[in-house]
Amino acid sequence: MSVLSVRNLALSIGGTPILHDVDLSVEAGEILGVVGESGSGKSLTALSIMQLLPRSAKWAGEIEVAGNSIGAMNEKALCKMRGRDVAMIFQEPMTALNPVHTIGHQIAETILIHNECSRAQASERAAALMHRVGLDPKKISPDRYPHELSGGQRQRVAIAMAIALRPKLLIADEPTTALDVTTQAQILDLLRNLVKQDRMGMIFITHDLAVISNLADKIAVMRHGEVVEAGPTDTVFREMRHDYTRALFSASAHVPKREAHINADGEPVLAVDEVVREYARPRKSLFQASRPFRAVDSVTLKIRPGENVGLVGESGCGKSTLARAILALDRLQGGKILLNGRVFSQAGAGPDMRQRAGVQVVFQDPYGSFNPRHTVRRLVAEPLYLIENAPAGAEREAKITRALEEVGLQASDADKYIHEFSGGQRQRIAIARALIIEPSLIVLDEAVSALDVSIRAQILDLLASLSTRLGVSYLFISHDLSVVRSITDRVMVMREGRIVEEGTTEEVFLAPKHAYTKMLIAATPVLKAPAEA
Amino acid sequence: MTLYLLRRLLALMLTLIAASIVVFLVTEIIPGDPASFMMGINADPQAVAALRSELGLDQPLVTRYLAWVIGMVQGDFGLSYTYKVPVSELVGDRILISLPLTLYALLLSTLIAFPAGVVAAARRNTAADFAVIGATQLGVAIPNFWFAMLLVLAFAVNLQWFSAGGFPGWDAGFLEAMKALTLPAIALALPQASILARVMRSSLLDTLDEDFVRTARAKGLTRSQTLWRHALRNALIPVLTIVGLQFSFLLAGGIIIENVFYLPGLGRLVFQAITQRDLIVVRSVIILLVFAVVAVTFLVDIAYAVADPRLRRRAR
Amino acid sequence: MSGHSQQETGFIRAALGHPAFLAGLLLTALFVAAALVSFVWTPFDPEKMQIAAKLKGPSTEHWFGTDHFGRDVFSMLMVGARVSIAVAFVAVGIGIGFGVPLGLYAAANRNSLIDEIVMRGNDLIFAFPSLLLAILITAVFGPGAINAIIAIGIFNIPVFARLSRGAALSLWTREFILAARVAGKGAARISVEHILPNLMNLLIVQGTIQFSLAVLAEAGLAYVGLGAQPPTPSWGRMLAEAQTFISLAPHMALFPGLAIVLTVLGLNLLGDGLRDLHDPRIRRSRG
Amino acid sequence: MNMSKSLAAVSALAVALGLAVMPAQAARTDISVGMVLEPPNLDPTGGAAAAIDEVVYANIFQGLTRFNSDGEVVPDLARSWDISEDGLTYTFHLQDGVTFHDGSAFDAEDVKFSLDRARGENSTNAQKALFAEIAEVEIVDPQTVKVTLSEPNGSFLFNMAWGDAVIVAPETADNNATNPVGTGPFKFGDWVKGDHVDLTKYADYWGEPAKLDKVTFKFISDPTAAFASVMAGDVDAFPNFPAPENLQQFEADPRFSVIVGSTEGETILAMNNKKPPLDNIKVRQAIGHAIDRQSIIDGAMFGYGTPIGTHFAPHNPAYVDLTEQSAYDPALAQELLKEAGVSELTLSLKLPPPSYARRGGEIIAAQLKEAGINTEITNLEWAQWLQEVFKDKNFDLTVISHTEPLDIGIYARDDYYFQYADPEFKKIMEELNDTTDPDKRTELLQAAQKKIADDAVNVYLFQLAKTGVANAKIEGLWENSPTQANDMTQIYWED
């Protein structure tokens, strides 16, 4: 018997159709991967099964969990079903746990709500569950609060809550997206083993083909609220009958065309010399200051003209702090930073504003990077402020037009406001803004991380072609190793404020020397080429 | 945590010192001489001068400020110019009315606001929600002294259920005393309850939108279980701030209500003291009220830490 | 169609579907209109006494009756609206005029000495019992509308300083501010060019709410005799004067009270409505 | 309508039941008396607040002489007295068997102490001028005191009747502010600050004992609350009821009696006689003719009050009615202004807190406006008024009631706030001080009244009425108010 069978599911919210004709089924012990880009309806499919839809939602079709039709259940029966028959894990471990209850309490709650066992028994079982998800109750006390745990540990707590009653079906909605790769690998292992041991069915929702290709028994590809292709993982990857599946696959594995054009003899565009960035830590006593936290610890690096350099590392390693230091947004506590051979900023002094035009930046968030109240013209032209005799009138207009056209937009877009553009278009505008004063270096801080794979492929192409044509250097900061690999000439690996390994991209990826680099590469899920599958 | 508390205590002291200087200077530049006020319009200038020196008003500014502050630190708030009794005694009498009145009003407003806010949030966009929203909008808009007048008209003049004001004293029995405080407490509580209910509602709505509420629902908790076990405690944090603010507001803000119901409370004491230029009373009571405000803020901060474990180790 | 006007038509459409906002707008407009019309016309001269016709209840001649001097209550209310609105407007203006620059400056210089001074100064003002300090201020400078404005205005400064500092602090971490800094702009320029325009919605909403609070505060001050001086009518003083007549001529207390309630209600509904309409979350769920 | 009818029916029933249930009991011996202002302290020799005398005068403290309800000066602690031919020596014969409330005996020592204390260098007596002519106080024997004056003073016995001249004991004088110890029929009981003062009957009183056992003075400053408290029976009597507008309702109600009498309060529109253009008598006359006294009495006092044309109480036998001299005549007012060459006149009108001033001031402003004189009203607290008007003389017009008895002498004071101090008038006053012959005194007093009316020093509005309300069963309340006092000694409840 299937643990889940969904037939002809249709859903609309406030009258807007969201899902139509969705068919899914999961057998016991089976992992179904649901993959799709943002807005494809994969999360709402999961919430339909849980019946945790917004009030204005209306659904039709047939959903059966362990042979029981959900449409026939009242709220009381649904509450009985949730947590016992079907459980769910969400994406954000930071917010998915109640901050004011202990983790032990939250795990035990699932048991207490459904069973009539005593509080003490529930606590006992909670401790056992923690053990099972890899949290040793001796080291991580059940009396701790969520904020005292790391992201990975919190996700383990969420998993413990979900599997507490050995549900027949487990729905995991992007459970590893917010985690670092090494943590992601551990959590995926954990889930895989739990499903096997308990013979649960699992729906694993993700946007990452690489993750799913290594995990799922079968796959459903979703797009615009429809399942466009479904079947066993091997078959789907081998046959790729639907155009969209193919497009998704090629975008995920996309490597932009680029040629190295490094001027090895030129003055480095960027030279970071023994740079230190420290944060004050909270005082431990009234009379004695705590030792500051060193986010960037004596980092030295150089970028040559035309060179694309990658900087990788897990969250908290100091890569973004380093980026802010290079952009002279924060003061240095040690060392100095040179742009094109001239000092831009150094410890004990503010930035030299004359050098500022040498470096520009593109940030991660395509939504937060722009003042919503300014036109694109004003947004793109903002860095012109740095030029002493800023061009005016027609000349200025020409510069704006050229920058927009350079990134594939039109001159007429200058009159629009930022909310009229999609995420990908916004990232193009951000690049246009960085390009307009022709800097020698652009810092790309997770610049493609928030984009869907197909858009990401386009932006990577754009970046590659701009670099080739304009000879601009990039410092490409990302946690995503495969993206860094596809676009950089040289790569540096950062950990705990220090650069632990550095080399040409191919060297580092093919023959990592540092143990940490090896671990990172091993943990990164790789999308198998269809031929191998 | 201890360090955090120490720092807050230090800030509290600084606020008090700054406040004492401000209060002293403001009362210093008030036109009108306490001695001439006490002696009236036919007073003999010699007698006024004698009274001024008796009250210590002929001392230099700094000396008087220091004498006042040092006295307060030692628990001596000085002698009222007009009443000729220690200020602490006056304040002690009055606070036995103002404090119970404040707590009574706070209790009423909490008892009204909590259920109203919770019901409105739990049944968002239903008739119950709209009724609460409408009532609170009206409650916030009604000036409390006008509401007090209407209460007197209805319950004291027409129905004669309560007396129009005054306070029989706690000696007259607890029930009698509470009866005298009931109308004033209602008048004070209505606008506060409205504010509190609105904060409660919106805070709860925000919390109900949080991810962990969805997690709780996915575990199999019913809507109301989720509300009581998960949302409420998180929603309480902004509500606590408001309750804290209301306490200090009510303690000092009862002046008008105390006047309407002629309750001999702290607010009326200062009000009278200002008109009588009994500056020492004005100063000491205002400092006391400022102290109450900062102390309550301090307590609310501690309450935060109890309600939210994330703040227990907060350093700032 | 340009983006701006699209945004505006969207706003108007949303506004038309928000009855509370419309009610607030209507009430506010009503009182502003009454205040404006009173400059050119009132049914009677609000200062004209007719001792013989005192304490008359509402009639077709005197719509809201007459007061203890035989003055026309309706005319007095119209002129009183002028006082209430003017006092509240200027007081909130003082709050915004001083508070917002202070808040922006403190946010731009986060954790500096200036920031500390501004914030502690705010705490200090907040710690004072406001009505008492207002009474003290008027005791120092004498009663009158101007001093009521100052007293109310002072307490509005920390409200706006805190609000704009808090909002500006979160804006300062936004990437578009970082981009402006990368474009070489200084703190002052960024504050004016980027922070302030993005605070506008917030300021308008809070301004409306403070406005309603200022109307209440003015009424309270006038009630204890510290507002505009006679013969200029003022709602709060009308209530105070009506108090001893409450069993004799309840209309004297009823109408000024209602005027205050409806004005404050209107402003609050307007403020809440503006907040709803500017909050994309709520707007979406309504649309 | 139905509602109120049924309410009336219910309350009528309640009254009937109440009467039926209430046993025939003896008359009550306690009373609760409402007062607008709370006394700041209870020492009448150390402060000017009228509220002090309203609690303690004749009840707790007594002087050598006292005022009775008609304003006459009668013997009190001094049984009788002899005055020397030259009017310089007063020999007082004291009452026997008088004790202070702390049990100590009263004798000549106490009189000497009290008078010396009041006139001494460090005296904080607000009316120190009352004792100015005393040269020496001698103890003849324990029951006799001889007071020698430096110059004759026709009003010395009158002065000794003031509350500021009461006799206190040396041992307790310093604590009288909070724990007054006197010789009167009531002793101090309890004071709940902000609410009430209790007095209880003093068992060892030397004279005719009081009929009441307990008197409670309740302080209710808010007129609405005052009304409600009388209506609700929380207060049995309110001798100076603050809201004349409500008296009609009490008059219509058989449970209450309204007592309307006269006070010593000449309510005037005082003018700053030295400040241009008010230094011009024509301007002052114009202001006088612009004001309609009856309208003010009707509008501000709801008809309670007697118009006056000079600074003198109408109930005094020496009073001359001079109201016609400054009768309401707006046309004449405008003409006088024209003669004075004044146009576009704007004057400040500073008003102290009492409602006669606030309301009266608003009406005056409206009347002056009709005559073409603009005013700017500022409502002041007492302390501000004392500073700005009384001390700094920074005003044009103000409304105030002068409540001290027989106080026409203030017009002779140099530097007094309305800045008159006319030499001729001063001469009349000096003569009056030297005169003891009653007819001659009357003549001089009338001359003085005419003089200030002729000079239009101030605008004399009306004599403040004493409007009291009390439970209809209370007897013995003072009708008039010759001094600020609530004499409780003669009060009793009817059965």
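Chain C has 11 helices and zero strands, with helices (H or I) being DSSP runs of at least four residues and strands (E) runs of at least two. This is a predicted model, where local features need pLDDT of at least 70, side-chain atom pairs count only at pLDDT 80 or more, and totals for chains, interfaces and linings use all residues. Residues are numbered from 1 along each chain as its sequence is written, chains are lettered from A in the order in which they are written, and side-chain values use heavy atoms, leaving out hydrogens and water.

Here are some overall values for chain C.

| Feature of chain C | Value |
|---|---|
| Box filled by the C-alpha atoms, along the principal axes | roughly 75 × 50 × 30 Å |
| Buried share of the 287 residues | 58% |
| Accessible surface | about 11300 Å² |

"Buried" here means under 20% relative accessible area (1.4 Å probe, protein chains only). Accessible areas come from the Shrake-Rupley method with a 1.4 Å probe. Carbon and sulfur atoms hold 69% of the accessible surface of chain C.

Now for the neighbour. In the contact (heavy atoms within 4.5 Å), chain A puts in 27 residues and chain C 20 residues. Together the two chains bury about 2100 Å², which is accessible area (1.4 Å probe) lost on being put together, summed over both. Arg373(A), Glu382(A) and Tyr385(A) supply 28% of the area that chain A buries against chain C, more than any other three residues.

Technical notes:
Buried means under 20% relative accessible area, exposed over 50%, partly exposed in between (1.4 Å probe, protein chains only).
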